[in-house]
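Here are a few friendly notes to read beside the model. Take them one at a time and find each residue as you go.

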Amino acid sequence: MIRIQEILDAFTARNQNADLELIQRAYVFAAAAHAGQTRLSGEMYLSHPLAVAYSLVKIGFDEATVAAGLLHDTVEDTKASLEEIDENFGEDVADIVDGVTKISLIPFDNKEEAQAENIRKMILAMSHDVRVLMVKLADRLHNMHTLNFQKVHKQRRIAQETMDIYAPLANRLGLHSLKRELEDLSFKYLWPDIYNQIDHWLDTHQVVEKQIIDKVVSLITDLLASNHIHGNVYGRIKHLYSVYKKMQSQSLSLDEMHDIMAFRVLVDDIKDCYAVLGLVHSQWRPVHGRFKDYISMPKSNGYRSLHTTVIGPEGERIEIQIRTEDMHRQAEHGVAAHWLYKENGRVHSKDMEQFSWLREIFERQREEADSREFMHSLKMELFKDEVYVYTPAGDVKELPEGAMPLDFAFHIHSEVGQHCAGAKVNGRLVPLHTELKNGDVVQIITDQARNPNRDWLKLVKTAKARNRIQHYLRTEERVHAIALGREMLDKEGRKVSLNVGKALKDGHLAIVANDLNYDNVNELIAAVGYANLTPRRVLNRLYAVLHPEETAAQASAPAARDVGKDDGQRKSEGVTVSGVDDILMRFAKCCNPVPGDAIIGYISRGMGISVHRADCPNVVNMEPERLISVHWSNEEQKPYEAGIFVIAKNEHGVLAEITQVLAKNEVNISGLTMDAKVDGRASLHFTVEVKNSTQLYELIEAIRALPFILEVVRDSENVE
């Protein structure tokens, strides 16, 4: 457990004229507020805010941020109020604590919506003061370090959120050391088998790798000295997740990995950076296409450095980064390296400009009501490497790697993107699916008669382009949905002698819209056109409005009787849709969701709603306008089919021991296939019946504990 004196000593080491009184008072307040509270690990709860504050000191933030780190959970988890924080520690600290405090009292339909709103509020808060995010990142870092005390399904959920949101945010803020730590911790819980395999492999090869590192460091140091360049050289093994990503991107096995070493050269000025680059390239052969100049064209988070890959003295590929000391401080500590807290703790406007993307994200996502689409757009914005292209006038535009002319067009202006008819790159006409490269000069050709189509969504890489295309498509499809919905209501109405046109004119349909919680008649009719609402349900309500004097028995007209028949078919089997109670649902066989999984519904016109896991690969290719929020109703305790894929040593009694584990956990097997491999392994595909995802993942962990098991994962694709 971190001690307050360690925090004060570390802060004083970074700030010789530091005022420690604010931090000391915050510690006393937090200690009193959290007195008697413990964490799942059994430690005093105070250990958590102390760890958060210590991380903030190491990153390099000011007294107010460190004090907020000590106090960040007091408003949510103790009797302390925000007013007390403001009164005792000032508006600056109170604003940060308020921005960090979790949303715990607002009711949400599902966990995905709650997560989206938490992230949405965090982005809004940090667009005004980035220190909010810094405390949140430090909070998440310590929670990840103590994640082993959580249940398995919570470990996976928290680790996935960290990998999807927090690590990329740290990267966008230039906090590369924090980003690496968050990635490795998430990797450990998301893919434990692969993590342990890479960790073990690196451990067994560390002696040889260290010898190579020492040799290269010595050679580069001598190279600098012989050319009278002052600098320091460092070498390291890449972090585990970085190794894994390289294996994935290049389809390599561990034994085929050769460029796992990275070197850093720190020099005094920019002139020396380019001088060292020339010396390194004269010493070792550079790898074609692996040089990047982030000094002349910095990344959006302010990162500057020269990157090159060469064939080293042992025939190994080695990556070398060359930068100044100031650039290195920026690279490791990002925003904290230059975020100047003066003028009553507020930042300079020139610093705010660099992080305007935070406000741009929020402004863009504020228009996006759907939680899932919001999260998708946010991830598109965060997970990107940059490519720099030019307008014909010579202005530099930053786009994500893999961006195409359509992204460039929407980046220039929404109108330019909407009417994009073609593009010239470096003076030549190119298809719209052409990937842009660094230094390309891009010119967009527009045509007022040209408008977006759904195929454009498959081309664009930026959230802005995707959002504007979807906005246009939603507007167009809504017009068609209203026309279709009106046609469906008229047709069904004629069958039961209800004049929908007259009901619309007389205002009776408006009453039905209000009864069914729609803002107006057009929203009601569009819902029918989108298949979110059945015509018979609307006609039932309309019949009741037109004939209020009739009893329920007398009102059993054909429309009512037919809907009753539908209701019997449309039971949701444990899944509900807010505001809808007569929609046919079925579970998608491609991913077999079980209670506890995050789920999403897809409207199949004429076939009701198919329920998928939110992380089902097929969801990515579905039309966003036909995705709908669904959640488990917890009304039924019935078994749900799920798949488990096992790779084990092909030994006597393997199947018997696995089935004993299943029986001990009271899990029934409804299907099994087994395939013996020539390398002495066996693959087994189980279809089992479980009550929820918690039981499923506990079962997977129990199987994983068996001595002959090599790998066990949830199997979606092989479940029939």
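1. Let's begin at the strand that holds Met-674: this residue sits in S18, which spans residues 668–676 (strands are DSSP runs of E, at least two residues, and helices runs of H or I, at least four, numbered from the N terminus). Met-674 is partly exposed, at 45% relative accessible area (buried is under 20%, exposed over 50%, partly exposed in between, with a 1.4 Å probe and protein chains only).

2. A word on the source: this is a predicted model, where local features need pLDDT of at least 70 and side-chain atom pairs pLDDT 80 or more, while totals for chains, interfaces and linings use all residues. Residues count from 1 along each chain as its sequence is written, and side-chain values use heavy atoms, leaving out hydrogens and water.

3. Now look at helix H1, residues 4–14, where Ile-4, Ile-7, Leu-8, Ala-10 and Phe-11 are buried. Viewed down the axis, the buried residues of H1 fall within an arc of 165 degrees, so they line one face of the helix (the arc is taken from the directions from the helix axis to the C-beta atoms).

4. Next, the largest nonpolar core: it has 96 residues, and Leu-71 and Val-93 are among those with the most contacts inside it. Such a core is a set of buried Ala, Val, Leu, Ile, Met, Phe, Trp, Tyr and Cys residues joined through side-chain atoms within 4.5 Å. Helix H12, residues 192–226, gives the most to this core, with eleven residues. Apart from it lies another core, of 34 residues, including Ile-599 and Tyr-640.
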